[in-house]
Amino acid sequence: MSPIIEFRDVTKVFPSPGGPIRAVDGVDLSIEAGEVFGVIGYSGAGKSTLVRLINGLERVTSGELIVDGDDVATLTERQLERKRRDIGMIFQQFNLFSSRTVAGNVAFPLKVAGWPKADRDRRIAELLDFVGLLDRAHSYPDQLSGGQKQRVGIARALAASPKILLADESTSALDPQTTQDVLRLLRKVNTELGITIVVITHELEVVRAIADRVAVLENGRVAEHGPVFDIFTRPQADVTQRFVSTVIHDRPRGANLDRLRQTHPGRIVTATIADGSRLGGVLASAGSLGVTFEIVYGGIGTLQDQSFGSLTLALDGPEHQVETVVARLREVTSVEEAR
Amino acid sequence: MITALPAASDFDWSLHGPKLLEALGQTVYMVTATLLIGGLLGMVLALALYTTRRDGLLANRGVFGFVNLLVNVFRPIPFLILLMIVAPFTVELIGTRLGSTAMIVPLSFAATFGVSRIVEQNLVAIDPGVIEAARATGASRWRIVLTLLVPEALGPLILGYTFVFVAIVDMSALAGTLDGGGLGAFALDYGYKRWNFAVVWITVLVIVLLVQLAQAIGNRLSRRVLRR
């Protein structure tokens, strides 16, 4: 695989009365062809600007931004218009054309790309079938639910067969059930059509559901990036840890931990669970060392087809024997003192 | 007997009837032509204002400043004064300053600047996200201006133009005072000048009906457009 989008020291500065604002500040990122790449950050982190640099809705201030072979920083507006036909985009508020029907919305990019009428009609039917809205072709956007609107948005974005799909907070205005439907559809877009997707979101759940890799953005800079599994299981930057703690509640903290200490004598440790952690064997041997254990907190789930989570154990017994059990646990997985 | 109250019998159908009908025809002619000419030119100015403003699709300080100044200068001029200012220009263009056709010139002039602000307001209300979505498809800025802006603002635009229609009827009545013909001239010549208030009131009734009809059509059309 080779990068289809490459940020090289990209900066975007907006002038403002209070002095220039560096919305994107020296970003280096490579997005591979065919992957789903997540960009997560709190509002104001610069993620919306970052994604708009890719299709030139915002122009790069400095640096290189190679998109499918062209440095969009150097393209003229005319060249950018041509480039945008290869880059679909969907939005939080859907941004459908209220004056056009569902079919008319999907037809718009095809007209822009100069498709003849007969080809357009065939393509529209194909796309509406793909997103499951063939029966709503003649409805107006106002007559659709939020989830349906985003499906139209996706059909419109895919109309001219782009290589890249930019999704800007595409599920933030939807309820949880509809969010799942739309995310499934985006997954299908990626796997069945091979389209590279860049997902901008402030919800880690979205990244967890569909992204292969993720970059965490803070103050216009990439705080960290990598495979989603690594970011979830070993978050490094503070901002990432904050995000992870919003979706994963598998470690006792604060009042929870105090309560556990009161009700359980002995040492409290948290063991990370992953595929291949053989905790059971170690714990089974604890009894012969005179150590009793209790599972007091934790959770195990699946992320990208791998188990992950943690269990918090209260170990009670002679101190050196407890230490032996902890040492054996450390041989099979990582163990932290509860704090 | 209170003499200020008009007697219906003062309206002489055989004399006033045909004149009223003729005046109505002139008014409808002036107003329709003005709505078309002023409506179109005003739309062009509005699109220029909307697209060249800061962060607009065709942002251009020079063009915006010029058009904005133009509108600000001409729009506040009272129509009666405008009638006089435009008269020499009308003579040049039409050959005379008298009659309904000549009146279309100052009426269109005034309507153009009035329409420009109303249409501009309706365009500003378009969700910028919709324009961004169009740009993201690779549409050129001119394509967006020519094919997307007006349809997206159509519902409010119809109401805006209905408002303008009523304002033009108002202005056209004033045109009558400067030999422009129409319902204003009829009420003035056959009513007020002869102290015949039956004629004045019946003219008022006709104008009210005309305006009601226009408003009803406008409301209906815009509802139809907005409900889709």
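Mentor: Let us begin with helix 5 of chain B, which gives four residues to the lining of the largest pocket, the most of any element. Helices (H or I, at least four residues) and strands (E, at least two) are DSSP runs, numbered from the N terminus. On a 1 Å grid over the protein atoms alone, a pocket is an open set of points with protein on both sides within 12 Å along at least five of seven lines, whereas a cavity is a set where a 1.4 Å probe fits but cannot get out; lining residues have an atom within 4 Å of a point. Please note that this is a predicted model, in which local features need pLDDT of at least 70 and side-chain atom pairs count only at pLDDT 80 or more, while totals for chains, interfaces and linings use all residues. Residues are numbered from 1 along each chain as its sequence is written, chains are lettered from A and ligands numbered from 1 in the order in which they are written, and side-chain values use heavy atoms, with hydrogens and water left out.

Trainee: How much space lies in the largest pocket, and which residues lie nearest its centre?

Mentor: The largest pocket holds about 860 Å³ of space, a volume being the space filled by probe spheres set on grid points that are joined across faces, edges and corners. Its lining has 23 residues, and A:Leu57, A:Glu58, B:Asp55, B:Gly56 and B:Arg135 lie nearest the centre. Two elements give two or more residues to this lining: strand 1 (3-14) of chain A and helix 5 of chain B.

Trainee: Into which classes does the lining of the largest pocket fall?

Mentor: It has 11 nonpolar, two polar and 10 charged residues. Here Ala, Val, Leu, Ile, Met, Phe, Trp, Tyr, Cys and Pro count as nonpolar, Asp, Glu, Lys and Arg as charged, and the others, Gly among them, as polar. The second largest pocket has about 680 Å³ of space. Of its 22 lining residues, A:Thr233, A:Pro235, A:Arg251, A:Arg253 and A:Glu336 are the closest to its centre. By class, this second lining has eight nonpolar, eight polar and six charged residues.

Trainee: How many cavities of 30 Å³ or more does the structure hold?

Mentor: There are two. The largest cavity contains about 110 Å³ of space. It is lined by 15 residues, and the closest to its centre are A:Gly88, A:Arg156, A:Ala157, B:Ala136 and B:Thr137. Strand 6 of chain A supplies three residues, the largest share of this lining. The second largest cavity has about 60 Å³ of space; among the residues that line it are A:Arg251, A:Arg253 and A:Glu336. Its lining has two nonpolar, one polar and five charged residues.

Trainee: How should I read a nonpolar core, and how many residues has the largest one?

Mentor: In soluble globular proteins, nonpolar side chains tend to be buried together. A nonpolar core is a set of buried Ala, Val, Leu, Ile, Met, Phe, Trp, Tyr and Cys residues joined through side-chain atoms within 4.5 Å. Buried means under 20% relative accessible area, exposed over 50%, and partly exposed in between (1.4 Å probe, protein chains only). The largest core here has 79 residues, and those with the most contacts inside it are A:Ile5, A:Phe7, A:Leu65, A:Val198, B:Leu123 and B:Leu149. Helix 4 (residues 99-124) of chain B gives nine residues, the largest share of this core. A second, separate core has 54 residues, including A:Leu133, A:Leu186, A:Phe243 and A:Val244.

Trainee: Where do A:Lys117 and A:Asp121 lie?

Mentor: They lie four residues apart in helix 4 (residues 117-130) of chain A, so about one helical turn separates them. Elsewhere, salt bridges that share partners join A:Glu6, A:Arg8 and A:Glu64 into one network.

Technical notes:
A salt bridge is a side-chain nitrogen of Lys or Arg within 4 Å of a carboxyl oxygen of Asp or Glu.
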